Amino acid sequence: TPLLNFENCSFGGLYTNEWVKGGPRNDSNSTVEVYHFQGDWQGLTMTSQKMIINNLTIPTLEADLHSRFPLSRLNEIMQTEALSLTAGSGKLDLNYNGPLDKITPQNASLNGLLHIENGNILMRASQSNLSNCHAAIRFRNADLIIDTLTCKIHNDELRFRGEAKNALALLGDAAGGLSLTLDISAPVLNLAQVSSILSRKFPTKAK
């Protein structure tokens, strides 16, 4: 699809060229409904109970998407040399309603939840770990809200809260970039222990 490419798919469904009964039998009045979908995207197995594609002339999509995965599967998606996810699990539940192309905050909505449990993040520059990471992150229309994200550095807890505006920019068509406001707090922080983690000596990319 223009949004995502899936592999190893299985599903059932139906097609009609008369979505509005009595209307013209053409692409604009045609619908594809997909049920009990399962497919792999970037190593993540995604499922959907129901997806509806309306108007094959200018297609719009209504879909729920769900995935349960080890956090290490996200390394291939992020493709960053700054950090690596080495442990933990994730749970993603999304609902999308909008076009398949030329997506903007005005014509599409994205709602859902991302939960992270028992995550471990390796900071590659310093070979230090952010351990015992837990997060609850919401997708609301065009925004992404970090309700809670906690990690430990040498048994000192860090707490994150924040909001990212224009999260639909992640889908590639929304105008403007993703802007993030993030609040970080630590009840107790041993600076001597964490100073090495703040190293900016990231590996140099060969290409």
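Biologist: What relative accessibility does R140 have?
Modeller: This is a predicted model, in which local features need pLDDT of at least 70 and side-chain atom pairs count only at pLDDT 80 or more, while totals for chains, interfaces and linings use all residues. Residues are numbered from 1 along each chain as its sequence is written, and side-chain values use heavy atoms, with hydrogens and water left out. Buried means under 20% relative accessible area, exposed over 50%, and partly exposed in between (1.4 Å probe, protein chains only). R140 counts as partly exposed, because its relative accessibility is 38%.

Biologist: With which residue does R140 form a salt bridge, the closest N and O atoms being 3.7 Å apart?
Modeller: A salt bridge requires a side-chain nitrogen of Lys or Arg within 4 Å of a carboxyl oxygen of Asp or Glu. The partner of R140, with closest N and O atoms 3.7 Å apart, is E163. This pair links distant parts of the chain, since R140 is in strand β7 and its partner, 23 residues apart, is in strand β9.

Biologist: How many salt bridges does the structure hold?
Modeller: One of them joins R138 and D147 through their side chains, at 2.6 Å from N to O, and R138 is partly exposed at 28%, as is D147 at 23%. Another joins R159 and E157, whose closest N and O atoms are 2.6 Å apart; R159 counts as partly exposed at 41%, and E157 does so at 27%. Salt bridges that share partners also join R140, D143, E163 and K165 into one network. For the structure, the number of salt bridges is seven.

Biologist: Which residue in β4 stands opposite I53?
Modeller: Strand β3 (residues 44-54) pairs with strand β4 (residues 60-70) in the antiparallel sense, over five bridges. Opposite I53, the residue in β4 is L61.

Biologist: Is D93 buried or exposed?
Modeller: D93 lies in strand β5 (residues 83-99). Its side chain makes a polar contact with that of H66 at 2.6 Å, where a polar contact is a pair of N or O atoms within 3.5 Å; within protein, one must be able to donate a hydrogen and the other to accept it, and residues adjacent in sequence count only if both atoms are side-chain atoms. Because its relative accessible area is 18%, D93 is buried.

Biologist: Which residues touch the most other members of the largest nonpolar core?
Modeller: A nonpolar core is a set of buried Ala, Val, Leu, Ile, Met, Phe, Trp, Tyr and Cys residues joined through side-chain atoms within 4.5 Å. Contact likewise means heavy atoms within 4.5 Å, and, not counting residues up to four places away in sequence, L144 touches I137, R138, F139, G162, E163, A164 and A167. Of the 35 residues in the largest nonpolar core, those that touch the most other members are L92, L114, L130, F139 and L144.

How values were computed
Pairing = 2+ DSSP bridges. Helix = DSSP H or I, 4+ residues; strand = E, 2+ residues; numbered from the N terminus.
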